[in-house]
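Dear colleague,

Please find the structure below. My notes on it follow.

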Amino acid sequence: MEKTKSGTTGTAGKTASKPAPTGDLEAGIASKIDVEALARNLARMIEEGGKALAAYMKPRESGKLKDELSEDVTDVVKTVGQVAEYWLSDPKRALDLQTSLGRAYLDLWATAVKRMAGEEAPPAAAPDPRDKRFADPEWSQNQFFDFLKQAYLLTASWGEKLVKDADGVDAHTRQKAEFYVKQITNAISPSNFVLTNPELLRETLSSNADNLVRGMHMLGEDIAAGKGN
């Protein structure tokens, strides 16, 4: 072992590599967190969630408001089920359906492996420039969040294509299925959850979850103001 020209210790003729700089998210996580404040706010969030649930259930338990959730879910299952029946009724169509999604995931995995190896690789899926959900730089710079984003986009696109290409389904049912699939894919977006949204995760850590308390409190107020709706 000998000293290189840069003054760092390494093998002869080579300079020791420097660690890659951490991003904003890593820096936020590494910063000091008030554990007591975080625990206190998480408890407050649960308390506010209980109040929101009580506000939602109160008019239903008193009979002032009819709960139509079961009817809505039944219609969703029935509508999407008709689309699924079209694809699964033919073994070849079912195989093509699975193959297309599997191929998309393999492309994503290959892209992720190249990025981990330090190579440039085009994304397997990219959001619409108008989609503000993935505007934060960490969605592209952080490999974990970038992988989540692309996996979600591939799955959402596959689901929409599944409905669009269901030729054996009547136009009215297809229109309803497109609406339901869009609602479902929007609901499961990683941008909606604290641990899978870098921007929300940063804010939660920096505020010791005070943002979650405020959000849950506002939700309860909105439900109460809407009399359970």
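Buried means under 20% relative accessible area, exposed over 50% and partly exposed in between (1.4 Å probe, protein chains only). Phe134 and Tyr152 are both buried. This is a predicted model: local features need pLDDT of at least 70 and side-chain atom pairs count only at pLDDT 80 or more, while totals for chains, interfaces and linings use all residues. Residues are numbered from 1 along each chain as its sequence is written, and side-chain values use heavy atoms, with hydrogens and water left out.

Aromatic pairs: there are 7 in the structure (rings of Phe, Tyr and Trp, its six-membered ring, with centres within 6.5 Å; planes under 30 degrees apart are stacked, over 60 edge-to-face, the rest tilted). One of them, Trp109 with Phe147, is edge-to-face, at 6.3 Å centre to centre and 85° between the planes. Phe147 is partly exposed, because its relative accessibility is 30%. In the pair of Phe134 and Tyr152 the centres are 6.1 Å apart and the planes at 45°, so this pair is tilted. Ring pairs join Phe134 and Tyr152 with Trp139, Phe144 and Phe145 in a cluster.

The buried residues of helix 2, among them Ala37 and Asn41, pack against helix 9 (210–225). Asn208, in the loop between helix 8 (198–206) and helix 9, counts as buried because its relative accessibility is 13%. Its contacts (heavy atoms within 4.5 Å), not counting residues up to four places away in sequence, include Asp34, Ala37 and Asn41.

Regards

Technical notes: Helix = DSSP H or I, 4+ residues; strand = E, 2+ residues; numbered from the N terminus.
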